[in-house]
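Here is a short report on one protein model.

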Amino acid sequence: MNIRKWFFLFWSTMAVGGVVSAIVGTTMQWVDPDFGILDLKSTGFNLLTMALVGLLFGAFSQMGFFSYLTLNYIALSVLRKGYLWNALQAYTSLFALGGVGYMLYKNRAEQNNWIFWVLPLVLLLASAAVSYVKAKQTKNSAFIPTMFLLIVVTLLEAWQALQSNVSAMTFMLIPMFVCNAYQIMWLHRLLHKEQTTGSASSNAKPVV
């Protein structure tokens, strides 16, 4: 991963965050006219503000993504066995889904009664779909790491919104998830190009 490729991933992720946030925010404002960012109700100002906030989401998502790559490298170096690290990631992903469901259930008096089971279920299904495609394009061992990134890292990045209302959860979780999915799906393409131009082992498939 050279500087040029990292630069491309950085700015494209921010662009994805801005576009997705603007679409999600505009849709939410169309459904609920009282929805607004920084108490701005005007659609024009709100759209610009949502896009700018989305750029921050994209940058924050990339921080989480590279933090995970660092953690993945350290864990594999310490544990030595890939299946042990995958087992730990699988357990942590399930624990995170159960934990966030329980937290939302405890706060159900302040939230809609359905959010505590809908959010974990939707996140699980969406993560499984992206992980399936990732595994098909790389190798089967990439399934669990991708699930871990899309579930655990996304929940950590959106933790503040999880303690707010449903609108805040939706507005932050969806762009964060899309940015993380975008990065993990682009990673092997960037690495593959590097392998193709730099060595004869271009057929090797990356773990993540």
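How do the residues of the lining of the largest pocket divide into nonpolar, polar and charged? Twelve are nonpolar, one is polar and none is charged. Here Ala, Val, Leu, Ile, Met, Phe, Trp, Tyr, Cys and Pro count as nonpolar, Asp, Glu, Lys and Arg as charged, and the others, Gly among them, as polar.

This is a predicted model, where local features need pLDDT of at least 70, side-chain atom pairs count only at pLDDT 80 or more, and totals for chains, interfaces and linings use all residues. Residues are numbered from 1 along each chain as its sequence is written, and side-chain values use heavy atoms, with hydrogens and water left out.

**The pocket.** The largest pocket has a volume of about 320 Å³. Of its 13 lining residues, Leu 119, Val 122, Thr 170, Leu 173 and Ile 174 are the closest to its centre. α4 (115-137) and α7 (166-198) each supply at least two lining residues. A pocket is an open set of points on a 1 Å grid over the protein atoms alone, where a 1.4 Å probe fits, with protein on both sides within 12 Å along at least five of seven lines; lining residues have an atom within 4 Å of a point. Points are joined across faces, edges and corners, and the volume is the space filled by probe spheres set on them. Helices are DSSP runs (H or I, at least four residues), numbered from the N terminus.

**The core.** The largest nonpolar core has 45 residues. Such a core is a set of buried Ala, Val, Leu, Ile, Met, Phe, Trp, Tyr and Cys residues joined through side-chain atoms within 4.5 Å. Its largest share, 14 residues, comes from α7. Leu 104 and Leu 119 are among the members that touch the most others. Beyond its neighbours within four places in sequence, Leu 104 is in contact (heavy atoms within 4.5 Å) with Ile 115, Phe 116, Leu 119, Leu 162 and Met 169.

**Two helices.** The expected span is 1.5 Å times one less than the number of residues.

| Helix | Residues | Expected span | C-alpha end to end |
|---|---|---|---|
| α5 | 15 residues | 21 Å | 21 Å |

Twelve of the 15 residues of α5 are buried (under 20% relative accessible area), so α5 is largely enclosed by the rest of the structure. Phe 143 lies in α5.

Technical notes: Buried < 20%, exposed > 50% of the residue type's maximum accessible area, 1.4 Å probe, protein only.
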